[in-house]
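Trainee: I would like to learn how to read charged side chains in a model. Could we work through one together?

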Amino acid sequence: MKSFNKSVKFFAHYLGRYWFALIVILVLTIAQTYMQVHAPVYMGNAINDLIYHNTAGEITKHLTVTLPTGGTMKLTFAQAVEAAVQNNTLTKSIAKVVLDNQTLSTFYKDILAFVGFLGAMMVIQFINAIIQAIVAPKSVNNMRKGLFAKMQRMTVKYFDSHQDGDILARFTSDLDNIFNAMNQAIFQAFAQVVLIIGIIWQMFNESSKMAWVTIASTPVAIVIAVLIMRLSSKYINAQQSEVGELNGYINEQINGEKILITYGQQAKSVDGFEPLNKKVRQSTFKGQFWSSVLFPIMQGMSLVNTAIVIFYGAWAVLNNSVDGITIGLIVTFMSFSIQYYQPITQITSTYNQMQLAFTGAARINEIHDQADEVSPKDGKIINGVEASVELKDVHFGYNEDKEILHGINATVEKGHMVALVGPTGSGKTTVMNLLNRFYDVNSGSVEFDGVDVRDIDLVNLRNNVGIVLQDSVLFSGTVRDNIAFGKPDATDEEVIAAAKQANIHEVIENLPDRYDTKVSDENSVFSTGQKQLLSIARTILTDPQLLILDEATSNVDTVTEARIQKAMDNVLHGRTSFVIAHRLKTILGADKIIVLKDGEIIEQGTHAQLMKKKNGFYRELYTNQTVFE
Amino acid sequence: MSILKPYIKKYWYLVVVAVIAVSFSALAALWQPQLLSKVITAINDKNMDKVTEYGWQLVAIAIGGLVLGVVNAFFAARFSQNVAADVRENTYKKIQGFSFANIEKFSAGNLVVRMTNDVQQVQNLSMLILQNIFRIPVLLIGGIILSVQAIHQLWWVIVVMFVLILIILGAIFPQMGKRFGMMQRFIDAINTKAKENLQGVRVVKSFNQQENQEKSFNETSDDMTKLNIGIGYLFAIVMPAFMFIGQGLVSLSIYLVAKITETDPDMKMVANITSFTQYLMQIMFALIIGGVSITFASRGMVSLGRIKEVLDTENDLVFKDVPEENLDGSVEFNDVTFEYPTDEEPTLRNVTFSIKSGETIGIVGATGAGKSSLSQLIPRLFDPQSGSIKVGGVDLRDVNESSLRKAVKLVSQKATLFSGTIAENLRQGKPDATLEDLKWAADIAQASEFIEKYPDTYDHEVEERSANFSGGQKQRISIARGLIGRPSILILDDSTSALDARSEKLVQEGLATQLKGTTVITIAEKISSVINANRIIVMENGTIESIGTHKQLLKKSKTYKEIYETQKAQEDK
């Protein structure tokens, strides 16, 4: 229920700004429904006119009557009608309308009214549809933009602790479900409700007894429909999760197919596939069956209900037991009964869609409920590093119960380069996360010239800190866009200068469209190493005061490695920097090397100092990497 | 469509029952207006016996239609899921018989899409065929017959309606199709933008680019919205247009009947107007639903074609059906030239060398020199275009698949693990491995140090995409998987790249002492990884530049010396 309320709030928020359009839709829908219910009346009138006109025609055929005396006599039309009444072939009331319909003029009036009514109805329907065609996409657009904007404000922690796929699903399936429901279910359901109310109102106007008979079966129909929809959504959910499991298996196996082939595991892979496929075979059947039976069942219910109306009406007329039920009334209620069941079927069949939309809204709302990154109020503004950046007794863990850094103390003086080395899992990358507040320390502090980073304006802090990440990311766009990412208004000269410093200019010049070449993270214009160079260029362009380099050289060949090394030397020159090094050759010139192991500093000093330590950890690392004999 | 034939044959009884049920339920639907008009006539005639009789007929039709509808749904659903499951299974089995070349032709991701989305489309298609394709002709033909029977003078009104509806469908559907195609591209663009933003969240934040990202996302989102509104407009026109045609023709028919009977009264024709117009509307809806069904069906047909393409692909790399044998660790390349099916130039040219059983071999060279390609030929993942390769003295074209798989284990650079336990992953290398074997292999691969930290050790779960392991850990497990079966030949294709130098050294020492008879071929970027090999092969541009020990190569190989220079320790900078 709580999530239901949240969904309602969500829709209220995004649809609220279209309140005027919604009111117009409401009014038009009521008008349209009224016309839809009334149009058959006009058509009925026209057909009745025709019947009476034809009766008149038949009478006209027999104006000459044979007299008992043997002679003939010509009657006037009026006399003939009078005679028919006398013979009991016409009732008095019909006789009157037959007289009125001797010519087709009444019919013309009624058929024109019918056509005019239809025309008006179509115009209203068209306008209504146009307004809906604008409101639905626009409100979904706002939802999508709102979601993306929210993502920009959230903490890195959220993204680190949630799967990308799950977050992305909000943009794809959840928003899609909402949009489909708005297009096919929500407005429709509203129109159908209006229609039901209209029909009920009309029925009670005609005859309350017959109306009660017609709607008597409604609770049964609704219970059956809801049961079927429940079953179908239950089985469809079960189906989705089993299809998901199967597709997950297929995805993993086929993407690892080369390993399967190399290890001769194909037969085993089929063995694993079969039971999953069997399960899907069972569950998709149930889901598909139950979602397909609603329509025929409701159709049948509708006809049975019509039969009930007929039986009751016939019984009432025959026994004359109920006042006011005439033959004409039975005919009218037969069509009411059929009309009445259509919207009920429609509404129940959109139940699943509505449910998906509400779940989607709740899931998007879940994101909106997440905490934003906080920048301190009246945060301090720094302008580069004046004296030093300092880590003071830093304790930190991604989870409360698992501390990763156990009291780190380190200082980088202005213009100095500090290298962090150590085995995987020692906490090198974690240190980087704290410097520009992707995460905050559990205790201790990170300080720029004695100012705690938590007191510095967040945008200002990040403007001062540049990072080059181990996994370089490219954004779809041109090469130029990617280099100028942090400074979109950079001139071409600035971009080229940065690329030159990062040793990537020549590579770019050899591309078909040079700096205008389109790239994305997926297409392989650049190798891993070149991507790294590109992200170095990106950082150079913003000219940050403190630089953090998480070098990624594990997957590049030695030629590219040398280029990266040179680019790094260029960018590090004259800047205060932290370098996380995997290949130690790259940090020989560091002013200080900090060796981390299991979240603690075990050694620090210059390369020369550390190499002097017999049995030192660093010394062994270095020797293993670079000394061949 | 042809690939559905065997399934229609296999499940003919489901098809027959579903089709019979749907045809009869369509007939019931056709009978209904007739019956209602009979009821009305009976009521008019005050013939209560008849009213009751027709009333019961109506109940019979209602229940009959309901039962037939449910029966159809049951059998159609049975059929479509059976077809989908069978198609999925056959396609999967087919893919499991593919060679590397077959997989590269499609790409793994593409095969997955065919196995999932396309199979889903085929399921929808079979359901659609059994539910609608037979219902619509019955409704159309029956509707035409009954309406002409009602007022035969107005037959041409039906023709006019056919033409008008088909014109609208023909005019609108291509427009819709075009826009839906464009929509798919926008959806992709939105996805990409959101995905890049997620992956690059640290970059975006550290460059303070949130606003610009938002701006660019919003532009795409706005464009997509414009297209959506356009599609909405089309629908807004279509529905009233159909209404206009239907109701317009209904009014026209009434008018025409009035004209015909003006001078020549015909009570019967007038009485039949109601059923005529009802059939007219029935025909119209059948046409519209038919049009929509055909559009959906065409999507399903495209998917069928895509699946057929997979099923029709023949594996061109077939192993000989000869008795199993034990192959020793010798390798012989004789003038081998190899080109990837998708490439235009050979990756390896006239490569000749031989390796003795139990030797340790290093292969070095620049990226693209052909190191990995060479290693993939030994387990016969591809066949060379010319020349021959022997493993254990037997030509690869004359060897049984499982003997070769047992003898040669390749550990590739990208360590791929499968969800399941660590033990299950390791047992891919030796199905009957005991716990002792697992420990032995993990020890050598330096994996036991972290595996044994888990409370459930070897039964520790590997999550999807092995998200719960670091790159180094994945590589260690993958090395253990390679060596656990004590193969005659173990190929390590840059598979220690994420290991720190110390662990790598330990792995090498372990291999040297524990797998003495095994030929170990190590492909590496780092000289330190191959320095202790018996011989090192230096590759350049698809050929062998030279072969020798580290010391020999330093003297004779220019390429080797160059690589070495960039890696050796810099003395005092």
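Trainee: Is A:Lys487 buried, partly exposed or exposed?

Mentor: This is a predicted model, so the answer is a value computed from predicted coordinates. A residue is called buried under 20% relative accessible area and exposed over 50%, with partly exposed in between. A:Lys487 has a relative accessibility of 29%, and therefore counts as partly exposed.

Trainee: Which residue does A:Lys487 meet in a salt bridge?

Mentor: The general idea is that side chains of opposite charge can pair when their charged atoms come close. Here the partner of A:Lys487 is A:Glu494, with an N to O distance of 2.7 Å. A:Glu494 is also partly exposed, at 28% relative accessibility.

Trainee: How many salt bridges are there over all chains?

Mentor: The count comes to 32. One of them joins the side chains of A:Asp492 and A:Arg480, at 2.9 Å from N to O. A:Asp492 belongs to helix α17 (residues 492-501) of chain A and A:Arg480 to helix α16 (residues 479-483) of chain A, so this pair ties together parts that are twelve residues apart in sequence. A:Asp492 is partly exposed, with 46% relative accessibility.

Trainee: What is the case in chain B, for B:Asp383 and B:Arg380?

Mentor: These two residues form a salt bridge, and their closest N and O atoms are 2.8 Å apart. Take the two ends separately. B:Arg380 has a relative accessible area of 4% and is buried, whereas B:Asp383, at 27%, is partly exposed.

Trainee: Which residues are linked with A:Arg153 in a network of salt bridges?

Mentor: A:Lys150 and A:Asp372 are linked with A:Arg153 in that network.

Trainee: Which residues form the negative surface patch?

Mentor: The negative patch here consists of B:Glu424, B:Asp456, B:Asp459, B:Glu461 and B:Glu463. Take B:Glu461 as the example: its relative accessible area is 46%, so B:Glu461 is partly exposed. B:Glu461 lies in strand β8 of chain B, which covers residues 461-462.

Definitions and conventions
Residues numbered from 1 in each chain as written. Chains lettered and ligands numbered in written order. Predicted model: local features only at pLDDT ≥ 70, side-chain atom pairs only at ≥ 80, totals over all residues. Heavy atoms only, no water. Patch = residues over 30% accessible without salt bridge, like charges linked within 9 Å, V, L, I, M, F, W, Y side chains within 5 Å. Areas by Shrake-Rupley, 256 points an atom, 1.4 Å probe, with all protein chains shown as cover. Salt bridge = Lys/Arg side-chain N within 4 Å of Asp/Glu carboxyl O. Lys, Arg positive; Asp, Glu negative; His and termini not counted. Charge placed at Lys NZ, Arg CZ, Asp CG, Glu CD. Helix = DSSP H or I, 4+ residues; strand = E, 2+ residues; numbered from the N terminus. Buried < 20%, exposed > 50% of the residue type's maximum accessible area, 1.4 Å probe, protein only.
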